[in-house]
Amino acid sequence: MFVVFRNGENIEFADAEMSYLEELLNSIDTSLLSVTNKINSAGIQDVECLCDKGEYFIGVGFCAMQRYLFDTLMDIKLDAGLARELGPKSSNGVAVAQLIHSAANYWKHSPEWHIWLSELGSRSQNTVDKLLHGRESASYPLFDLLADLCNEDSLLLTKCLPYLIDWRLAIYEHVSNNI
C-alpha cells in the first residue's frame, strides 16, 4: 500500500513497503555478490553448489518482490492478473511484474515438480515458460532472468527496484484513469 502526494505536476509516493523491500534486497545482494564472486574463482567441482546457493538467494528475492506486488494492490480494486501486465516490459516485451510473479512461483513450487513427472500441469508449465523468457531450457533460470532484467554484468536484485517503482506508477495511473 502506498500514499500519493502531488507536488505541483510531480507525483510522489510514501511507500513503507518499498523501503522494507529495498533493505531486504540489499541484504540478499550482499550474500549474492559473495556467491557470484566465489563462482568466478571456483573450481569446476564447486560451481554447481555455488550456483544452487545463488539460485536460492535469487528465489527468495523474487518472492519478496512478489509480496511487494501484492502489498501494492492490497487496497486497490484491480484484478491482479491485469495489474501484472501493466508497467515496464522486458527486452522480450513481457511485463516485468509478470516475470517477477512467475519467478517467485517457480521458486516456491518447483520442489513439487518432481523429475519423474511426465508433464507439468498447464499453470505450472505456463509459469516455467514465462520464467524461461524465450529460452528452451535453463539450468539456473532465476540467474538467467535476473541477468535479463539487470542488462549488465552485476547481478543484483536491487536492480529490479526501478521496474517496481515504474510498475507502481502504472498502477496508480491506471486506477486514476479508470475511476
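This is a predicted model: local features need pLDDT of at least 70, side-chain atom pairs count only at pLDDT 80 or more; totals for chains, interfaces and linings use all residues.

Residues are numbered from 1 along each chain as its sequence is written, and side-chain values use heavy atoms, with hydrogens and water left out.

**The protein as a whole**

- Of the 179 residues in the protein, 41% are buried; buried means under 20% relative accessible area, exposed over 50%, and partly exposed in between (1.4 Å probe, protein chains only).
- Take the contacts (heavy atoms within 4.5 Å) between residues at least 6 apart in sequence: 67% of them join residues at least 24 apart.

**The largest nonpolar core**

- A nonpolar core is a set of buried Ala, Val, Leu, Ile, Met, Phe, Trp, Tyr and Cys residues joined through side-chain atoms within 4.5 Å.
- The largest one has 43 residues, and Phe62, Met65, Leu146 and Leu164 touch the most other members.
- Two or more residues come from each of α1 (16-41), α2 (44-73), α4 (96-109), α6 (141-150) and α7 (161-177).
- Which helix gives the most to this core? That is α2, with ten residues.
- Leaving aside residues up to four places away in sequence, Leu146 touches Leu32, Ile58, Phe62, Leu155, Leu156, Leu157 and Cys160.

**Where α1 meets α7**

- The axes of α1 and α7 are 11 Å apart, and the two helices pack at an angle of about 165 degrees. Axes are lines fitted to C-alpha atoms, for helices over the stretch in contact, and angles run from 0 to 180 degrees between N-to-C directions.
- α1 and α7 are therefore roughly antiparallel to each other. Angles under 35 degrees count as roughly parallel, over 145 as roughly antiparallel, 65 to 115 as roughly perpendicular and the rest as oblique.
- On the α1 side, Met18, Leu21, Glu22 and Leu25 make the contact, and on the α7 side Leu161, Leu164, Ile165 and Arg168 do.
- Sorted by class, this contact has six nonpolar, no polar and two charged residues. Ala, Val, Leu, Ile, Met, Phe, Trp, Tyr, Cys and Pro count as nonpolar, Asp, Glu, Lys and Arg as charged, and the others, Gly among them, as polar.

**Where α2 meets α7**

- α2 and α7 pack at an angle of about 20 degrees, with axes 11 Å apart, which makes α2 roughly parallel to α7.
- The crossing of α2 past α7 is right-handed.
- Met65, Tyr68, Leu69, Thr72 and Leu73 of α2 meet Leu164, Trp167, Arg168 and Ile171 of α7.
- This contact divides into seven nonpolar residues, one polar and one charged.

**Two residues of α1 to look for**

- Thr30 lies in helix α1 and, at 57% relative accessibility, counts as exposed. Its C-alpha atom is separated by 8.8 Å from that of Leu156, 126 residues apart along the chain.
- Asn26 is also placed in helix α1, but at 38% relative accessibility Asn26 counts as partly exposed. The C-alpha atoms of Asn26 and Thr158 are separated by 6.4 Å, although these residues are 132 apart along the chain.

Definitions and conventions:
Helices (H or I, at least four residues) and strands (E, at least two) are DSSP runs, numbered from the N terminus. A crossing is left-handed if the near helix is turned anticlockwise from the far one by less than a right angle, and right-handed if clockwise.
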